Amino acid sequence: MTNTSTGAVATAPASSEPARAANGSKRHILLIFAGLMVTMLLASLDQTIFSTALPTIVGELNGVDHMLWVTTAYILASTIMLPVYGKLGDLIGRKGLFIGAISLFIVGSIVGGMAQDMTWLIIGRAIQGLGGGGLMILSQAIIADVVPARERGRYMGIMGGVFALSSVAGPLLGGWFTEGIGWRWAFWMNIPLGILAIASAAFFLRLPKVEHDRPKLDFAGMGLLALASTGLVLVTTWGGSTYAWDSITIIALIAATIVAAVAFVLVERTAAEPIMPLTLFRDRNFNLTTIAGLITGIAMFGALAYLPTYLQMVTGVNATEAGFLMIPMMAALLISSIVTGQLVSKTGRYKWMPIVGTTIVAVALVLLSTMTPELPIWILCTFLAVMGLGLGMSMQILILIVQNSFPVSQVGTATASNNYFRQIGASLGSAIVGSLFVAKLTDLLGTRLPAAAGGAGADTNSFTPAAVRALPKPVRDIVISSYNDALTPVFLYMVPLVVIAVILLLFVQEKPLATTIERDALPESLDIDGVSTVLAPVAADTTDEVLAAAVDDEIVDDRLADGVGSGGRQA
């Protein structure tokens with residue numbers, strides 16, 4: 001069959017049936033998507049499963065003062081790796097990287113599961129982060145490889161739904177493990193899930209093969225980006241708690257972070273294959289959504305990281321019950337994410353969604369700042385549902401806006417760069433909220449607890465929810481009020497930031513969503529179910545035209561969405 005619009009030729013048997021070809025292509029995308037969902041589940045579970053288990057873990061390992069590093073180590077490591085996976089995926093292809101990232105994640109899970117002290121626990125979490133940085137970013141980029149932006153909304157919405165589902169399952173599993181077979185199963189469970197994800201990728205993932213010479217890797221950019229990211233998180237983690245803000249350590253870290261960031265920009269200007277091309281920042285929508293995503297990350301992870309701990313310590317519920325109390329938030333996130341994704345694919349309109357969603361997040365933060373130990377639990381759950389509603393309307397749509405602004409040859413790098421700044425926000429959110437919370441909590445406990453409350457105040461590092469519940473009521477009330485007074489003001493501090501994000505999103509340009517994908521590379525494998533075929537590259541076919549050119553349902557036409565790129569020809 002000859003494509004008159006491009007001159008490209010595809011060879012097909014006379015018995016070809018477009019309808020059967022469409023079924024085969026859709027089946028292939030669904031198989032890919034199912035494998036990606038397993039990986040998304042793996043990554044997102046790991047971000048939430050420790051929320052309810054954390055108080056018990058740090059109490060057993062005698063490390064309350066290092067509690068925030070269990071979360072921060074993972075986020076920091078994954079953040080550093082995001083641009084690396086994104087760029088390498090564009091340069092050499094995503095399948096091998098995808099399997100390697102899952103494997104590294106499993107190794108980190110083994111280290112964490114065997115940890116006997118806080119040091120090894122944090123090391124295990126960092127190794128997990130090195131692999132985890134590739135799981136979500138490569139999943140998002142792989143979807144962009146096979147589905148046009150106009151249709152991608154519903155897939156991105158489901159991805160957001162998987163995150164919401166795992167955010168419910170994570171705290172519940174964390175609580176169940178903690179009170180049952182042991183918190184180490186929060187690590188061990190990743191091994192069978194990881195093996196399943198690897199098998200799914202190995203058998204079902206067929207992506208365009210990237211033709212390249214030996215890639216010129218931007219090692220200088222990678223190193224400087226890692227230094228700048230680490231310095232930034234250390235400043236926010238240690239400042240005001242471990243070290244005074246005017247201490248030589250913090251001042252030196254701030255100076256080193258600025259130097260590394262400036263050097264990174266200079267290196268990226270001349271690098272042959274920059275890890276984060278500065279040309280990305282010429283796009284208005286990229287800049288606006290990236291800053292808004294960073295602020296959303298601060299608010300989201302700042303709230304999520306410590307709310308389960310608050311629930312256990314202040315309301316007196318156990319770890320499992322704390323997980324159940326997070327369900328309203330994640331149910332609202334699940335519903336709003338899927339509904340908005342469907343609306344985007346149906347209408348092609350999307351600008352209003354992140355604006356409204358981010359506004360709702362600001363309202364939710366104000367509500368959370370009013371919490372007290374006497375607040376009825378159903379009202380607290382309502383506040384959480386409001387937060388989930390706002391997050392579900394904004395998170396995945398911001399990624400879609402970025403992907404729609406760049407061709408598929410750059411979509412991995414653009415998506416990774418956008419996610420990098422969102423993860424920086426997550427790192428900052430966890431670190432800043434954690435630092436403010438822990439510093440204030442330590443100060444309040446030190447001043448409010450009696451000098452000798454039956455030894456209760458001897459070592460606040462060993463406080464666990466169970467230990468707090470066993471305290472005499474006067475002492476327990478002091479601990480509970482200290483946790484409440486240490487955390488709730490922090491939510492109010494984040495409101496002005498979120499308002500800034502709303503204002504920025506008002507200036508996003510609503511570009512028509514692309515209905516086709518530009519590609520000039522052959523699939524990594526055209527040998528499916530024992531049948532091989534040779535197809536000439538197609539430069540500008542619409543989805544329907546590709547389906548018409550497909551061979552039959554035994555031939556998976558990876559060019560389903562071939563055409564003009566994520567930012568190419570629109571409907």
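Biologist: At what angle do H11 and H16 pack?
Modeller: This is a predicted model, and in it H11 (residues 284–304) packs against H16 at about 150°. Their axes lie 10 Å apart.
Biologist: And is that crossing left-handed or right-handed?
Modeller: H11 passes H16 in a left-handed crossing.
Biologist: Which residues make the contact?
Modeller: From H11 you have Asn-285, Phe-286, Thr-289, Ala-292, Gly-293, Thr-296, Met-300 and Ala-303. H16 brings in Met-387, Leu-391, Met-395, Leu-398, Ile-401 and Val-402.
Biologist: How do those residues divide by class?
Modeller: Ten are nonpolar, four are polar and none is charged.
Biologist: OK, now H14. How does H14 pack with H16?
Modeller: Helix H14 covers residues 327–347 and H16 covers residues 377–403. They pack at an angle of about 35°, and the axes are 7 Å apart. H14 passes H16 in a right-handed crossing.
Biologist: What classes of residue are in that contact?
Modeller: The contact of H14 with H16 has 15 nonpolar and six polar residues, with no charged ones.
Biologist: Let's zoom out. How many helices and strands are there in the chain?
Modeller: The chain has 21 helices and zero strands.
Biologist: What share of the residues is buried?
Modeller: Of the 571 residues in the chain, 59% are buried.
Biologist: Last one: what share of the contacts with a separation of 6 or more joins residues 24 or more positions apart?
Modeller: Those account for 84%.

Technical notes. Residues numbered from 1 in each chain as written. Predicted model: local features only at pLDDT ≥ 70, side-chain atom pairs only at ≥ 80, totals over all residues. Heavy atoms only, no water. Helix = DSSP H or I, 4+ residues; strand = E, 2+ residues; numbered from the N terminus. Buried < 20%, exposed > 50% of the residue type's maximum accessible area, 1.4 Å probe, protein only. Contact = heavy atoms within 4.5 Å. Axes fitted to C-alpha atoms, helices over the stretch in contact; angles between N-to-C directions. Left-handed = near helix turned anticlockwise from the far one by under 90°. Nonpolar A, V, L, I, M, F, W, Y, C, P; charged D, E, K, R; others polar.
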